[in-house]
Amino acid sequence: MASSQCFRPRSVPCRSLSPPEQPLQVKVVGLFKSSTFQIAKSTAEELKNEVWEYSSHVMCFINDQLLGDALDLQKWAHKVWDIVDFKPPALYDALTVDFSAKFLRDTKHDFVFLDVSIGFGPIGRLVFELYCDACPKTCKNFQVLCTGKAGFSQSGIRLHYAGSIFHRVVRNGWIQGGDIVAGRGDGGESIYGPTFEDENFAIPHNKRGVLGMVNKGRHSNGSQFYITLQPAPYLDKKYVAFGQLIEGTEILQQLELVPTENERPIQQCTIIGSGEYYA
């Protein structure tokens, strides 16, 4: 995110290319640490009940008012100060991505991604924050299944989400995937063995995009997971939630809108790639 310091613009029309009284100074600061951003994000979540989506990596503020992306900043600087910024927008984009990567690492949480296709067409990426401080064992299982580093289980199952499908879409409920055995929704296996215990129920299902483990009763977690489509308090104390979707809300919406028959997508929804984010 780029923000500019407060300067007094000229009060006369633009007729000269002379520099302003004080040069425009642009600095990159932490998007997530901006009080303005946090207020906007909180308001959007309250109104939409979902993770707020912003299409650019760069957010520019003028005196704590949202201006737009790097291109909007360049237009503003030219209009108000007659400054032509020759730095490419990609530079601001890269600087902001680097800063956000550092911020995410500093949270001490893990971040993973799932690349998704519908039919034969890739549609984008889902990025999740894993609450490894609250559910370390559950998060480790999901993280390793995303990377495939565990190889194969003793029963010969490939422990990797890549190539598996989303086999169930429950309208106004959740989408479900992670059956790495046959994709029917009746199988799966964890990195610890066929199943492992419920770690805790500390994370509530209080919003869209909550990531949790599917089970067949108490202490039967494997590899299947779900992503909520709206608050689902009826899942609390029954299923272990351990993460949150932080990027890819439009991808989740596309999956949600896939036509189904008996809750099974008519078009195949495949995880075509997965791994660690900002590793």
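# A tour around a closed barrel

Start with the strands: 8 of them close into a barrel in the order β5-β6-β11-β9-β10-β8-β7-β14, with antiparallel pairing. Ignoring direction, neighbouring strands of this sheet are turned by 35° against each other on average. Please keep in mind as you look around that this is a predicted model.

Next, select helix α5, residues 249-256. Helix α5 packs on the sheet and touches β5 (110-118), β6, β7, β8, β10, β11 and β14 (269-276). The direction of α5 makes about 120° with that of β6.

**Stop 1: strand β11 and its two partners**

Colour residues 241-247, which form strand β11. How many of the residues of β11 are buried? The strand is mostly covered, with 5 of its 7 residues buried.

Now show the partners of β11. Strand β6 runs antiparallel to β11, and 4 bridges join the two. Strand β9, residues 210-213, also pairs with β11 in the antiparallel sense, here over 3 bridges.

**Stop 2: strand β8, covered on both faces**

Move on to residues 174-177, strand β8. In a regular strand the side chains alternate between the two faces of the sheet. In β8, Trp174 and Gln176 are on one side, Ile175 and Gly177 on the other, and all are buried, which leaves both faces of the strand covered.

Strand β8 has neighbours to select too. With β7 (165-170), β8 pairs in the antiparallel sense over 4 bridges, and Val169 stands opposite Ile175. Strands β7 and β8 form a hairpin with 3 residues between the strands, where Asn172 takes a positive phi near 55°. With β10, β8 again runs antiparallel, joined by 4 bridges; look for Trp174 opposite Thr228.

**Stop 3**

A search of the whole structure finds 8 aromatic pairs. Begin with Phe128 and Phe142: the ring centres are 6.2 Å apart and the planes stand at 85°, so this pair is edge-to-face. The pair links distant parts of the chain, with Phe128 in strand β6 (residues 121-130) and Phe142 in helix α4, 14 residues apart. Are these two residues buried or exposed? Phe128 is buried, and Phe142 is buried too.

Then select Tyr161 and Phe225, an edge-to-face pair with 5.2 Å from centre to centre and 70° between the planes. Tyr161 lies in the loop between α4 and β7 and Phe225 in strand β10 (residues 225-228), so the pair ties together parts that are 64 residues apart in sequence. Tyr161 is buried, with a relative accessible area of 0%, and Phe225 is buried with a value of 0%.

**Stop 4: His160 in its loop**

Step back to His160, in the loop between α4 (136-147) and β7 (165-170). Why does His160 count as buried? Buried means under 20% relative accessible area, and His160 counts as buried because its relative accessibility is 15%.

What does the side chain of His160 reach? It reaches the backbone oxygen of Cys146, at 3.1 Å. Leaving aside residues up to four places away in sequence, His160 touches Leu145, Cys146, Thr147, Gly148, Ile180 and Ser274.

**Stop 5: charges over rings**

Two selections are worth a look here. The charged end of Arg125 sits over the ring of Phe113, 3.7 Å from the ring centre. Lys137 lies over the face of Tyr192, at 4.8 Å from the ring centre.

**Stop 6: two loop residues with positive phi**

Finish in the loops. Asp82 has a positive phi of about 60° although it is not a glycine. Find Asp82 in the loop between α2 (70-81) and α3 (89-106), where Asp82 counts as buried at 13% relative accessibility.

Lys237, another residue other than glycine, has a positive phi near 70°. Its place is in the loop between β10 and β11. Is Lys237 buried or exposed? Lys237 is exposed, with a relative accessible area of 62%.

Methods. Residues are numbered from 1 along each chain as its sequence is written. This is a predicted model: local features need pLDDT of at least 70, side-chain atom pairs count only at pLDDT 80 or more; totals for chains, interfaces and linings use all residues. Side-chain values use heavy atoms; hydrogens and water are left out. Buried means under 20% relative accessible area, exposed over 50%, partly exposed in between (1.4 Å probe, protein chains only). A polar contact is a pair of N or O atoms within 3.5 Å; within protein, one must be able to donate a hydrogen and the other to accept it, and residues adjacent in sequence count only if both atoms are side-chain atoms. Contact means heavy atoms within 4.5 Å. Rings of Phe, Tyr and Trp (its six-membered ring) pair if their centres lie within 6.5 Å; planes under 30 degrees apart count as stacked, over 60 as edge-to-face and the rest as tilted. A charge sits over a ring if NZ of Lys or CZ of Arg is within 6 Å of the ring centre and within 35 degrees of the ring normal. Two strands pair if DSSP finds at least two bridges between them. Axes are lines fitted to C-alpha atoms, for helices over the stretch in contact, and angles run from 0 to 180 degrees between N-to-C directions.
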